[in-house]
Amino acid sequence: MRFRNCAVLAGGLFAALLLASGPVIADESASAEIDKRAQDPNQWPAPGRDNLLTRFSPLKDINTDNVGKLEMIWAQSMNSLRGQEGQPIVISDVGGKPMMFFVSGCPSMALCNVVQALDLSDPDNPKQIWNYVKTTDRDESAIPRACCDTVNRGLNYAKGKVVFHTLDGFVIALDAKTGKELWTVKHAYPEHGETHTGPAMIAENLVIAGFGGDEFAARGRLDAYDIETGEKVWTCHSTGSDKDVCLTPESNKANPHFGTAGKDLGIKTYPEGEWKIGGGAPWAWFSYDPELKMIYASTGNPGHWSPGLRCALKGDDHTHEKCNEYDAELGSGPFDNKWSMTIFGRKVDTGEVVFAYQMTPFDQWDYDGVNENILVDMEIDGKKRKTLVHFDRNGFAYVLDRTDGTLLRANKFVTVDWAEKVDLKTGRPIKVKAHSPFNIGVNTSSCPSAMGGKDQQPCAVDPSDPTMFYCPTNNWCMEDEPQERTHTQQGTVYVFANVYMYPEKPGITGKFKKFNVLTGETAWEIPDPYPNWGGGMVTAGGLVFYGSLNGDFRAVDRDTGKILWSRKLGSGIIGNPITYKVGGKQYVSVHSGIGGWIGLPVTAGLDLNDKFGAIGATAMAKAAGLNLIPQGANVYTFRVSD
């Protein structure tokens, strides 16, 4: 049984579908199991440790006093030269054993997304008890269609299952004790430009999955699958009719100026037919609030990077020659290209939109809006709020009320010149014409670059200190020259722009910082000659962990920003640290292996003298000296020496 979109799902039919897969106890859903595990500080049960994506650990055995004694205890190959942008998960009781699970990237179909299961009963000497790689029905065309790089951002565990995805678009559930395949569904289709770097998320008894492909003319969507059977429960698109997007008359009720149902804005804010290849893919991190029963997933850019092809005067023939360049009418939003670059709050059981806030309407910079939405509660202007915090590639850190999408703050966290500010009343950025690429063949500079003030690399927060976030940032700008469109074929490279990226300040390409999302103030920052493309982790031991593309894995005093410990790993780090406790000892693990968009020129062997290669990544890779970083993906694990 397949449901085309959420409008099909009446409450009774949805309940019947769940009952068909076996009895479901409301307080024992798959995500309730994750929430319960997250209350145990010894485990790391989900990609962000919890479904709120805090990446905070209550463990404090490793702390500011003893972190200098941290030593590497073991390392494990990931069967891949390519790095991966994810993290392991650690579950304390899989068949009575503490287990670690992780999945590799996709250097080739023979070694594409290998899942490993390690028994941690002897935590200093883990033993692999099974591994899995899908060997049938693979699609080799996914590898050249993956933008950008063939990475994987991790897997999930619930209901005795390891749930993961493959680059070529399968979502798969394995028996966690044996590695036996329980179900597999085809979710994304490379021939349509769709590849899946993930991760998926488990919310209630659903596996929520998106995909990437905006640079290959994909049309973004979000799908929900029953965790027991793999049956599709609902589908909601990012572009198209209100029905396809799962908008209802109640959507954006608190903020109708963000856009409401009844106008098919997902069609009408594009020139004729452009929404069908309009991008908006939700390809990175998702979060879930079990009290509100809402999932939060953001969308990417509206297809190609030649913005003059995505707008037109009312009533004209929709050719870019007649498109407004930068006048008041365009600024008012008739060609916002909705619902790309949008934070969606959706009902978990149907996908229906509660709110949709578009951060970069009519995108001209590829400021993909897919970065993580971290859920914390804080006091703002004297009022307790359930908030969502989002550090966007466009350089603004947004704070929204996650119940209804009301915009509360939008502060610059890196150098931003494409916009003066975000108007909190309208929610719209005040763009700067001089830094807005538009005309074909005209080169325009702007900061940040298309890789963003922060790309997918996730921030961390201690919920007891909810305004202070620990974030890796990119510190480079770009020159962007839109080009003529040569085709409209899905599955074929669909960028149409020459992009050159360069460090904002010579010798500094990355910074790790502590940032106040309410005041916009930076408490401290650590500059780095190498990009910080991996995520952060904060602990109750007073520490923040993160890594650089030079392979430097660091522990920092979260109060002062002082580096207390650093070790050079075998390759660059684009993964995210985790920590767990087994046998009375706390451990810290992280993936190592250069890759990601910034590392693609190295892993793919591109010519670093081609400054436009990999959509501008070659110039940055050359400027940062990434060609001197060896390849090879491993899991490294550390603990304090006895």
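The protein averages a pLDDT of 92, and 92% of the residues score at least 70; pLDDT is the predictor's confidence in each residue, from 0 to 100. This is a predicted model, in which local features need pLDDT of at least 70 and side-chain atom pairs count only at pLDDT 80 or more, while totals for chains, interfaces and linings use all residues. Residues are numbered from 1 along each chain as its sequence is written, and side-chain values use heavy atoms, without hydrogens and water.

- Over residues 314-322, pLDDT stays under 50, and the model has 12 contacts (heavy atoms within 4.5 Å) beyond four places in sequence for them.
- Over residues 324-331, pLDDT also stays under 50, with 22 contacts beyond four places in sequence.
- Where pLDDT is low, predicted coordinates should not be read in detail.

**Asp366**
- The UniProt annotation "active site", from an unreviewed entry, covers Asp366; such annotations may be inferred rather than shown by experiment.
- Asp366 lies in the loop between β18 (353-358) and β19 (374-380), strands being DSSP runs of E with at least two residues and helices runs of H or I with at least four, numbered from the N terminus.
- Asp366 counts as buried because its relative accessibility is 2% (buried means under 20% relative accessible area, with a 1.4 Å probe and protein chains only).
- Beyond its neighbours within four places in sequence, Asp366 contacts Glu215, Asn301, Trp305, Met341, Arg393, Ala450 and Trp597.

**Helices α6 and α7**
- Trp597, Ile598, Leu600 and Pro601 in α6 meet Ala614, Ile615, Ala617, Thr618, Met620 and Ala621 in α7.

Technical notes:
Buried means under 20% relative accessible area, exposed over 50%, partly exposed in between (1.4 Å probe, protein chains only).
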